[in-house]
Amino acid sequence: MEDGEYTLLDYVSSVAAFSSILYYATGWPLVWRVTKRRDTGIISTFPYVALLTNCTVWTLYGKLADNFVLKLVNFVGASHQIVYILVLYYYSKSKRLFNMQLLYSVMFIAGIFSYSYLT
């Protein structure tokens with residue numbers, strides 16, 4: 001293969017990265033609706049906390065594997081989730097369950113970070 005030629009794997013990788021970033025942006029309509037109503041209603045916060053945890057761990061893996069695309073895509077995803085979580089937290093009337101989800105997420109991430117850097 002000569003320089004400048006792309007393989008099927010390169011194209012699939014690019015499409016996967018782009019579609020992942022689009023997927024992470026799907027929370028914006030909900031954020032705008034919550035901001036407009038100034039209330040979260042019955043919206044579950046768990047998917048946003050879980051996706052933040054997922055993106056953070058994948059970003060760490062991308063760093064360990066020295067994979068720029070993996071780091072970039074999941075950093076973008078984590079950034080989106082942080083914004084979503086901040087908005088949902090601000091407008092949430094009951095923060096107890098939200099706090100527990102965030103605490104478990106931080107503990108899980110801290111455990112993964114500790115394990116990956118100590119071994």
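User: How far apart are the end C-alpha atoms of residues 12-31?
Analyst: Over residues 12-31, the chain is 85% helix and 0% strand. Helices (H or I, at least four residues) and strands (E, at least two) are DSSP runs, numbered from the N terminus. The end C-alpha atoms of residues 12-31 are separated by 30 Å.

User: What pLDDT do local features need in this predicted model?
Analyst: Residues are numbered from 1 along each chain as its sequence is written, and side-chain values use heavy atoms, leaving out hydrogens and water. The model is predicted, with totals for chains, interfaces and linings using all residues, side-chain atom pairs counting only at pLDDT 80 or more, and local features needing pLDDT of at least 70.

User: What does UniProt call residues 12-31, 43-62, 68-90 and 102-118?
Analyst: The UniProt entry is unreviewed. Its annotations may be inferred rather than shown by experiment, and its positions are given in the numbering used here. In the model, residues 43-62 are 85% helix and 0% strand, with end C-alpha atoms 31 Å apart. For these four stretches, the entry's name is "transmembrane region".

User: What distance does H3 reach from its first C-alpha to its last?
Analyst: H3 has 19 residues. The expected span of a helix is 1.5 Å times one less than its number of residues. For H3, 27 Å is expected, and the reach is close to that, at 27 Å.

User: Which helices do the buried residues of H3 pack against?
Analyst: Buried means under 20% relative accessible area (exposed is over 50%, partly exposed in between; 1.4 Å probe, protein chains only). In H3 the buried residues include Tyr48, Val49, Leu52 and Thr56. They pack against helix H1 (8-24), H2, H4 and H5.

User: Which residues does phenylalanine 98 contact, leaving aside its neighbours within four places in sequence?
Analyst: Phenylalanine 98 lies in helix H5. Its relative accessible area is 2%, so phenylalanine 98 is buried. Contact means heavy atoms within 4.5 Å. The partners of phenylalanine 98 are Thr45, Val49, Ile85, Leu88, Tyr89 and Ser92.

User: Which residues does glutamine 101 touch, not counting those up to four places away in sequence?
Analyst: Glutamine 101 also has its place in helix H5. At 13% relative accessibility, glutamine 101 counts as buried. It touches Thr45, Phe46 and Val49.

User: Is tyrosine 104 buried or exposed?
Analyst: Tyrosine 104 is in helix H5. Its relative accessible area is 51%. Therefore tyrosine 104 is exposed.

User: How many residues apart in sequence are the parts tied together by lysine 93 and aspartate 39?
Analyst: The side chains of lysine 93 and aspartate 39 form a salt bridge, N to O at 3.4 Å. Lysine 93 sits in the loop between helix H4 (68-91) and helix H5 (96-118), and aspartate 39 in the loop between helix H2 (28-37) and helix H3 (46-64), so the pair links parts whose separation in residues is 54.

User: How many salt bridges does the count come to?
Analyst: The rule asks for a side-chain nitrogen of Lys or Arg within 4 Å of a carboxyl oxygen of Asp or Glu. Lysine 93 is exposed at 68%, while aspartate 39 is partly exposed at 29%. The salt bridge count comes to 1.

User: How far apart are the C-alpha atoms of tryptophan 32 and serine 105?
Analyst: Tryptophan 32 is in helix H2 and counts as exposed at 58% relative accessibility. Along the chain, tryptophan 32 and serine 105 are 73 residues apart. Their C-alpha atoms are separated by 25 Å.
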